[in-house]
Amino acid sequence: MRDNMCTRRRGMDSECFNKLSKILPVSYVQQAENALRTRQKQIRILLEQKKLSESGWDDGVIELFLHEMAQLDSNNFQGNIGVGEREARIYSNLVAARHYRLGHGIGRSGDLVESQPKATGSSMLNVLANALVRDAIKLAGITSTEACFVAPIATGMALTLCMLYLRSKRPQARYVIWPRIDQKSCFKSILTAGFTPIIIENVLEGDELRTNIDEISCKIEELKSENVLCVLTTTSCFAPRAPDKLEEVAILCKTHSIPHVVNNAYGLQSTKCTHLIQQASRVGRVDAFVQSTDKNFMVPVGGAIIAGFDKNIIADISKMYPGRASASPSLDVFITLLSLGSAGYRKLLSERKNVFNYLRDELLKCCESNGEKLLHTPSNTISQAMTLTTLPQNDNDSVTKLGSMLYTRCVSGTRVVAPGLKKEISGTSFDHYGSHSKDSMPPYLTAAAAIGMTCSEVDIFIKKLNNVFSELKKN
């Protein structure tokens, strides 16, 4: 293992500054000491309050804190001799620097939120990251959130983890009632947990696809509540599907004593989605809600946040994870939230809402120019959908070609849905896959205004979309 000066870094205390003042002019030293004390005060307030500061931290403070935390882990102790099989030895200095020499991960065997005796710094990072995420969730609108933790798995596996916890509480249960959403990881999370999905087809209300509450109620009566593990609902989704009717589902779950898990994948950025979860917890039952770290906090893929309104339930879910886990997702979110501060996070949420409205207005103009229709989906405040009915309809080639042409022009994230596509996932067939409905719908394109998107990106997208329309119609 290569040596590095970072392993020997220690903070400057008052005695060090006293000695320094004998070498340099006292006024210079005092100025430097005051600057360092200001940074240390920010760290002290974070440790005391465990909340987002109003203003974001600069990179210098963040790096200072991360380096100090790393010194609290045993692998960075001077003279430490590790004789175990897991001593956080890191060969590459590049890898060590990438992780700030925090090599022990988070949690202990069988509990993601438990502290490690060898890793005081990593354990502190885990606690603070979870505390800041909880604060951010409350700022986003789910104010009654009692507990949460960052899991080093993406949203689908996090949903599976929740269902595995519920299995320990409801050993007789075999079924998960699932209002259909055509996103593979949601469906596969149920199968991976070992349960049978009961697919509830959505109903069309105007242009929107909405939750069939009557069908959910009928299925509960038919299957018997003790055989139902949970109802798995969704908030964030692609238009024209709307977020599920969480309040009505929550009341059903409370009435029949059935757990309710919410897939809130990228819903933290939407006040509509967060309001639905908050209200559902107030009027009925919500056991846990799960969201992605990358989609909501602009960090690399690899983490999810499992949150809820009962500390004991969330703690028990954290105990379902086998072994220790990577600290990378927690570290990424921790750094990002420190950098943002509460003001920066609120600003991002506000800007996203403005960009969504701008995207809607520009798509409406694009529709008018090209003889298409912007679907009216007021319940979905992240995604928009426009029809593609003016393209040749003898086959789906022209419709799917539009999507590929946009992609080759560096437009990513749009989804083109052509009618008639049949898809099989782990033995289950879905008619008209991608449209969230068994009934045929006209071809359409979706575009979303997610956190971090700008109005200038909308302008470029609309320009390219108009150009593609013109080219396809000319050919």
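Colleague: Where does Ser-426 lie?

Modeller: Ser-426 lies in the loop between strand 12 (423–425) and strand 13 (428–430). Helices (H or I, at least four residues) and strands (E, at least two) are DSSP runs, numbered from the N terminus. Keep in mind that this is a predicted model: local features need pLDDT of at least 70, side-chain atom pairs count only at pLDDT 80 or more, and totals for chains, interfaces and linings use all residues. Residues are numbered from 1 along each chain as its sequence is written, and side-chain values use heavy atoms, with hydrogens and water left out.

Colleague: What's phi of Ser-426? And is the residue buried or exposed?

Modeller: Phi is near 50°, a positive value in a residue other than glycine. Ser-426 is exposed, with a relative accessible area of 56%. Buried means under 20% relative accessible area, exposed over 50%, and partly exposed in between (1.4 Å probe, protein chains only).

Colleague: What about phi of Cys-410?

Modeller: That value is positive too, near 65°. Cys-410 sits in the loop between helix 14 (397–408) and strand 11 (415–417), and counts as exposed because its relative accessibility is 71%.

Colleague: Which peptide bond is cis?

Modeller: The one from Ala-239 to Pro-240, with omega near 10°. Pro-240 is in the loop between strand 6 (228–234) and helix 9 (246–256).

Colleague: Switching to His-432: which loop is that in?

Modeller: His-432 is in the loop between strand 13 and strand 14 (444–448). At 18% relative accessibility, His-432 counts as buried.

Colleague: What does the His-432 side chain reach?

Modeller: The backbone nitrogen of Gly-420, at 3.0 Å. A polar contact is a pair of N or O atoms within 3.5 Å; within protein, one must be able to donate a hydrogen and the other to accept it, and residues adjacent in sequence count only if both atoms are side-chain atoms. Leaving aside neighbours within four places in sequence, His-432 is in contact with residues including Arg-180, Asp-182 and Asp-439, where contact means heavy atoms within 4.5 Å.

Colleague: And Thr-293, buried or exposed?

Modeller: Buried, at 0% relative accessibility. Thr-293 is in helix 11 (residues 293–297), and its side chain reaches the backbone oxygen of Gly-303 at 3.0 Å.

Colleague: OK, domains. How is the chain divided?

Modeller: Into domain 1 (14–77 + 87–99), domain 2 (120–342) and domain 3 (344–474). Those bounds come from an automatic or database domain assignment.

Colleague: How much area is buried between domain 1 and domain 2?

Modeller: About 1700 Å², of which carbon and sulfur atoms give 70%. Buried area is the accessible area (1.4 Å probe) that two parts lose on being put together, summed over both. In domain 1, Lys-50, Leu-52 and Met-69 lose the most area to domain 2, together 34% of what that side buries.

Colleague: How many salt bridges and polar contacts are there between domain 1 and domain 2?

Modeller: The salt bridge count is 0, taking a side-chain nitrogen of Lys or Arg within 4 Å of a carboxyl oxygen of Asp or Glu. For polar contacts, the count is 7 residue pairs (both at pLDDT 80 or more).

Colleague: Which helix gives the largest share of the domain 1 side that touches domain 2?

Modeller: Helix 3, with 4 residues.
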